[in-house]
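Please look through the structure below before reading on.

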Amino acid sequence: MKVSVDQDRCCGAGQCVLTAPEVFDQRDDDGVVVLLDERPAPDRHASVREAAAVCPAAAITVTEEPDA
Amino acid sequence: MRPDDQALRLPLPTDSPLEPPAEWERLRRQCPVATVELPSGDRAAFLTRYDHVKALLTDARFTRPKAGDGAARIAPEGVGGPAADGDGALTLPDRGEPHQRWRRQVGKYFTAKRMTALRPGMVRTAEHLVDEMIRRGRPGDLKAGLGFPLPVYVICDILGVPAEDRDRFSHWSDAFLNVTRFSGEHTRAAHDEFVAYMSAHIEAIRARPGDDLLGMLVKERETDGEGLSDQELIATGMGLLVAGHETTANMIGKMVSLLLADRGRWEGLLADPSLVRTAVEESLRFDANLGFGMRRYLTEDVEIDGELLPSGTTVVCSMPAANRDERAFADADRMDLTRSPNPHLTFGAGPHSCLGQALARTELQVALEVLLRKLPTLRLAVPAEELPRVQGLLVGGLSAVPVTW
Ligand code: HEM
Ligand code: SF4
């Protein structure tokens, strides 16, 4: 799985951080999303998918890759 | 908006305070772009499908109408005042780059991490409020005892407002939003008082800025010369109170009512309190009493479901109807406390989606956790169908939640 974030679209709602804190963080100075782990381990895939689904700004893109 | 459509009147009737209007289902199916008449008599387009509501809310070209747009009004002339119509002098940047800058300046105070840091304080406040409710004896009103005070205490802390002024804040908040209970004149007076209070508060903060939100914004301005003007600080303080208080207060009452209306839900949470997070999300999705939805004023033509909505149309996006759309949620009419993911639209979506959602979520989770722990025998003191509804127009909810334990 490969994750990317669009910082321009992010509206700082923090849902991703609440859902998958190991993979997403928010910058202290403006609340914008920071990607901590572009290729999260398989046990985190479910929470990353959930974060992408609930992001109110559709700022998270998940690309599923075979065997990754 | 086919011309032969009969204009429906908002608000749509419901049989019971926790149930959705039967009309939603028909509208999603047959008339996803309907014509409605608002209480003001003005007409608007009404969206009820998930995809349509989400697409329009996330469309950065459009925003909530403000005074002077000529958009459809919710309430008749003179009723409702500033919160209903948008106020001229004290407005925040509401679109484009200036809006994003404002959001980021204020939004950094509402990050998930900060909310986690505020949580222990919120738990103490909620515990104290529940203890007080227990002390006053059964039956009690959960709205007055916990739902209403918790968010106002929390926002006062965030804004650095002293505890002894909390009751004045509650009054102002109530006056801005209870469009039908207070006259336009009354809301105007409350508005002026609140502006005077906030101006003085900001003066005081400038002399001695603390670690609260306003103190932080003032310090920033003094150190890097950027930041919000006094007018913007006042509008921010006021906007946060108005946007965050009644909505959260109502939601606490509705969430607890939904969970108690079917004992199995409450028992399920007692058996497994780790469901609190998903139960809060599902309550947010399931709540049918969110008010009409969000308005958007079209400044360009838009096509939705093959229909052309011309520039100048006011669109009402019904998030609660979208949240029950079978196209987006399996078993949409069933409350499933384990539902995940739950991409409901209760906080809106896109560039204007709720700035305070991490705070609101934390408050709801804390309220529920503390109730489960302290009052496991909690139950409604009246049948769910008899829960009294709020009479205001902007925010739907229950005016009281009679409970016993
Ligand atoms: C359960 C409680 C809440 C609900 C259901 C709710 C809902 C919403 C919705 C639907 C919007 C989007 C408006 C639009 O699209 O035009 C919004 C915006 C907003 N909310 Fe909330 N809200 C809640 C709590 C809060 C809290 C606690 C705060 C802050 C203290 C807050 C602050 C704001 C602000 C500042 C905006 C405007 C954002 C913008 O225009 O960029 N809300 N809220
Ligand atoms: S959930 Fe989306 S909008 Fe919110 S902080 Fe994360 S990326 Fe940004």
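**A cysteine, a sheet and an interface**

C354(B) is found in the loop that connects α14 (319-322) with α15 of chain B. The model is a predicted one. The iron atom of ligand 1 takes a single donor from the protein, the SG atom of C354(B), at 2.3 Å.

Chain B also contains an open sheet of five strands, arranged in the order β1-β2-β3-β8-β5, with mixed pairing. At its edges stand β1 (8-9) and β5 (294-297) of chain B; each has a single partner strand, so one side of each is left without a neighbour in the sheet. The partner of β1(B) is strand β2 (residues 33-37) of chain B; the two run parallel and are joined by two bridges. Within this pairing, L8(B) has V36(B) in β2(B) as its bridge partner.

The next topic is the contact between the chains. Here 21 residues of chain B are in contact with 22 residues of chain A. In chain B, the residues that lose the most area to chain A are R104(B), A112(B) and K113(B), which together account for 30% of what that side buries. The size of an interface is often given as the accessible area lost when the parts come together. Between chain B and chain A the buried area is about 1,700 Å², and carbon and sulfur atoms give 48% of it.

Over all chains, a search of the whole structure finds 36 salt bridges, and the count between chain B and chain A is three. One of these salt bridges is formed by D25(A) and K113(B), with the closest N and O atoms 3.3 Å apart. This pair crosses between chains, from strand β2 (residues 24-26) of chain A, which holds D25(A), to helix α5 of chain B, which holds K113(B). K113(B) is also among the residues of chain B that lose the most area to chain A. Another salt bridge joins E50(A) to R277(B), where the closest N and O atoms are 3.6 Å apart. As for polar contacts, 10 residue pairs are counted between chain B and chain A, with both residues at pLDDT 80 or more.

On the side of chain B that touches chain A, the elements giving two or more residues are α4 (96-107), α5 (112-136) and α15 (357-374) of chain B. By class, that side has six nonpolar, nine polar and six charged residues.

Notes: Residues numbered from 1 in each chain as written. Chains lettered and ligands numbered in written order. Predicted model: local features only at pLDDT ≥ 70, side-chain atom pairs only at ≥ 80, totals over all residues. Heavy atoms only, no water. Contact = heavy atoms within 4.5 Å. Buried area = accessible area lost by both parts, 1.4 Å probe. Salt bridge = Lys/Arg side-chain N within 4 Å of Asp/Glu carboxyl O. Polar contact = N/O pair within 3.5 Å; in protein donor to acceptor, adjacent residues only side chain to side chain. Helix = DSSP H or I, 4+ residues; strand = E, 2+ residues; numbered from the N terminus. Nonpolar A, V, L, I, M, F, W, Y, C, P; charged D, E, K, R; others polar. Donors = N, O, S within 2.8 Å, 3.2 Å for Na, K, Ca; no water. Pairing = 2+ DSSP bridges.
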